[in-house]
Amino acid sequence: MGVVISIANQKGGVGKTTIALNLGYSLSKFGKKVLLVDIDPQFNLTFALIGMDVINYENKNVGTLMTKESTVEDVLIEINENIHLIPSHLTLSAKEIEILNTYNRERRLEKALKPVYPEYDYIIIDNPPSMGIFLVNSLTASDYVLIPLELSYFGVIGMQLMFNLMKMIKDETNEGLRLLGIVPNKFTRQTKIPEKRLKELKELYPEAPILTTIPKTVTIEKAQAEGKSILEYDPNGKASRAFEKLAREVISLVEG
Ligand code: ADP
Ligand code: MG
């Protein structure tokens, strides 16, 4: 039965899409069957995986799935044997009002995805930074939250917002939601600041599991510019090794 993991942080540019993509590929390398779900109206994950082809999915995407214009089978795209995608689309933000006016609006995604849970090992949802109906739907559908974090002052302070949001979701729609961990991203030793922030993070939130740190490297951006995962672009580089380590960590936390 598929385990659903939301990659979430209300801060933008922290690496949600990068981690959704590369964790997805790393898990597939360990033989896991992965469904990536893009619920961000900015459709970065979709663009990274299918490029301009995204224009063909106006009537078959996560938004039409949530409004029941499409079934889950309609919207699945096979990227390769072990990675499937439910795409987002430019028109997703316009669906927000429509979804807000439907019955059971917080559970639209959960209900729509349930039939395919048994077909995957991991369902990874890439989220928008804004706190709205899309993020609420994905946290409601999720078993776990994985929080990418940039080790800056505002990044560390901002964690509290995520914990508040998780508490609200646990109280209202999804009691079983758990924090899988925080992934410090864009780590560099060029200055002492990230290390100092990491220490502060541990002091502020001693209960929160801190997972594998992802290094800051231009190869991650270069890979994205070519529409590739880091594992395809630079399989032996330090970023690929970090993502493989993260995938192993996720597998051991989830599967025990
Ligand atoms: P989000 O989805 O949270 O907005 P992204 O994954 O789009 O964040 O990342 C924001 C930008 O930072 C992108 O240009 C991405 O290529 C870059 N980036 C993310 N992680 C790293 C990293 N570890 N090293 C270098 N650049 C990174
Ligand atoms: Mg993103």
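**Figure 1. Contacts across the predicted chain.** A contact means that heavy atoms lie within 4.5 Å of each other. In this predicted model, among the contacts between residues at least 6 apart in sequence, 78% join residues at least 24 apart. Of the 256 residues of the chain, 55% count as buried.

**Figure 2. Overall build of the chain.** The chain holds twelve helices and seven strands. Its radius of gyration is 17 Å, close to the 18 Å that the globule rule gives for 256 residues, so the chain is as compact as a globular protein of that length. Along its principal axes, the C-alpha trace spans about 50 × 40 × 35 Å.

**Figure 3. The annotated segment, residues 4-178.** An unreviewed UniProt entry carries the annotation "domain: AAA" for residues 4-178.

Figure 4. Ser229 lies in the loop that runs between helix H10 (218-225) and helix H11 (230-233). Because buried means under 20% relative accessible area, Ser229, at 1% relative accessibility, counts as buried. When residues up to four places away in sequence are not counted, Ser229 touches Leu21, Asn22, Tyr25 and Ala223.

Note on methods:
Residues numbered from 1 in each chain as written. Chains lettered and ligands numbered in written order. Predicted model: local features only at pLDDT ≥ 70, side-chain atom pairs only at ≥ 80, totals over all residues. Heavy atoms only, no water. UniProt positions renumbered as here; feature names shortened; annotations may be inferred. Helix = DSSP H or I, 4+ residues; strand = E, 2+ residues; numbered from the N terminus. Rg over C-alpha atoms; globule rule 2.2 N^0.38 Å. Buried < 20%, exposed > 50% of the residue type's maximum accessible area, 1.4 Å probe, protein only.
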